[in-house]
Amino acid sequence: MYDGYTRTCGLIGNPVEHTISPLIHNYLAEKMEDNLVYVPFHVPQGQVEEAVKGVFALNLLGCNVTVPYKSEVIPYLEQIDPLAQRIGAVNTLVRQEKGFKGYNTDMPGLYRALERDGVKIQGAETLILGAGGVARAVAILLAEKGASRIVILNRSVEKAFHIAQEVNGYVGRELVEVLPLTEYRKLTGSYLVIQATSVGMYPRVDEVVIDDPDFYKLIHTGYDLIYNPQVTRFVQLVRQSGGKAYNGLGMLLYQGVIAYELWTGKAVSDELADKVYDKMVEAMGNKNLVMMGFMGSGKTSVGMELSYLRKSVFVDTDQMIEEREGKSISEIFATEGEEAFRDKETKLLKELAGSLHGKILSVGGGTPLREENRRLLKEIGTVIYLRICPETVYERLKSDNTRPLLQCENPLERICALLEQRKEVYEDAADVVVDVDGLTMEEVISIIQSKITSSLDTEEVKQIEKGAE
Ligand code: NAP
């Protein structure tokens, strides 16, 4: 239970709604009996300085920082750890007397995950796929931990050269070599490979940077920094040619564990870290629930109550769009038109598909009108259609003048026409239908709870049957 002594840690980023970090830290706090709570903070663009000053003023013990602010946050820190300085990215803020000290726990996190998996860097021939921000930090880690050889393979060769030059300058010898991606056949030897490109990430799960099985014969251990999906094509190919392969969940886990240790000054045991890992795997397999239906059907209120009951996070796509755009839905409709709004909606659903786990989502009444959105909603989770009749909608919304679609002479007629037009679309998009007319919120929730249990059971049965085939 939280009280006047509860310490708060948080995450600042944009977006933060998909994060799994609260699970890591709140579970650690519970098991380590620390009076601490961890919450995500969505920080609008241009307000990083205010966010850092604000969380310090509010006496937060520490914060994580995620994209796009890992570098942007640096000027607002009191101190920076030398490793974070060298990498140029901070993902953890630790409270000091007059401000925060910035650390990078991503690379130490990767190192601890490698150690936990029994993978040695010292004296190893290593290869990095990619030359983005993370690949650069991986090159620094491999150099610091004594790799005997580091080869960077990347599509844009100049970016790889840039990293090589920097790391070689720092170690004072030609340790890092560069090879264009297309020239991988020139390689000989046996490598520890870190897959640090974004290729293979959800939803493009069938893609891999090099598809030639011969390349995988050179790999004794493959580390894919991607964790969604948990088994990428890269991981499959390494395993198929006899190598050991791991995904990025270990790095994600240990960057959190190290941050927690920095905040509390207490060591997290490997046994507890393993339990957190299991929780993360379980949460990532959890389906989201998507509340869908006509305006006034109760998507937001039912969704919020469900999130409270199921102890999960509630996400409202209309609200996310309003925050991102800095204007209300009515204003977007009025200034940019409905099509532009729908484009924003589709873009957001694409981001959410594959990145949310075990959350409750409420989407706009018109979201399922696009076929692409209906497909995306099903990818995101179990879609619950709150079905309502026109008269109930009218009763609920007759005095609400914030709904652009109802600003007309005869709103009831408009509601009847729109509902008739959307009926089939809603039914096509739904996994579960709940008729809400005449029901209290508690009754609606109780029907949803029983229907989703049976719908999930059916899916599980289907999966078991599929496995048995
Ligand atoms: P980034 O800066 O955007 O770099 C992406 C890299 O992927 C670049 O080298 C890019 O090559 C390459 N790439 C993208 N599309 C490609 C394609 N079609 N063919 C060949 N190469 C392609 O990304 P980042 O921030 O470094 O992140 C890299 C990966 O690390 C991501 O998958 C991310 O999920 C993962 N990550 C994991 C964790 C964790 O905790 N496990 C934490 C952070 C990041 P070019 O240079 O040629 O464009």
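These legends accompany close-up views of a predicted model.

View 1. The ligand is surrounded by 21 residues. Ala131, Val134, Asn154, Ser156 and Lys159 are the closest. By type, the shell holds eleven nonpolar, eight polar and two charged residues.

View 2. Lys159 places a polar side-chain atom 2.7 Å from a ligand oxygen atom. For Asn154, a polar side-chain atom lies 2.8 Å from an oxygen atom of the ligand. Gly132 takes part through its backbone: an N or O atom there lies 3.4 Å from a ligand oxygen atom. On its own, the ligand has 930 Å² of accessible area, and the protein covers 73% of that. Two elements, α5 (133-144) and α9 (249-264), each give two or more residues to the shell.

**View 3. Glu261 in helix α9.** Glu261 sits in helix α9. Its relative accessibility is 16%, so Glu261 counts as buried, the cut-off being under 20%. Setting aside neighbours within four places in sequence, Glu261 is in contact with Arg112, Lys266, Ala267 and Val268.

**View 4. Helix α14 and its packing.** Helix α14 covers residues 338-352, 15 residues in total. From first C-alpha to last, α14 reaches 21 Å, close to the 21 Å expected at 1.5 Å a residue. Its buried residues are Phe341, Arg342, Lys344, Glu345, Thr346, Leu348, Leu349 and Leu352. Just after α14 comes Gly354, with a positive phi of about 90°.

View 5. The bond from Asn14 to Pro15 is cis, with omega near 5°. Pro15 belongs to the loop between β1 (7-13) and α1 (21-31). The bond from Asn228 to Pro229 is also cis. Here omega is near 10°. Pro229 is in the loop that runs between β11 (219-224) and α8 (233-240).

View 6. Glu33 is not a glycine, yet its phi is positive, near 55°. This residue lies in the loop between α1 and β2 (36-42). Glu33 is exposed, with a relative accessible area of 72%. Asn59, also not a glycine, has a positive phi of about 70°. Its loop links α2 (48-57) and β3 (62-65). Asn59 is partly exposed, at 40% relative accessible area.

Note on methods
Residues numbered from 1 in each chain as written. Predicted model: local features only at pLDDT ≥ 70, side-chain atom pairs only at ≥ 80, totals over all residues. Heavy atoms only, no water. Helix = DSSP H or I, 4+ residues; strand = E, 2+ residues; numbered from the N terminus. Expected span 1.5 Å × (residues − 1). Buried < 20%, exposed > 50% of the residue type's maximum accessible area, 1.4 Å probe, protein only. Near = heavy atom within 4 Å. Polar contact = N/O pair within 3.5 Å; in protein donor to acceptor, adjacent residues only side chain to side chain. Areas by Shrake-Rupley, 256 points an atom, 1.4 Å probe, with all protein chains shown as cover. Nonpolar A, V, L, I, M, F, W, Y, C, P; charged D, E, K, R; others polar. Contact = heavy atoms within 4.5 Å.
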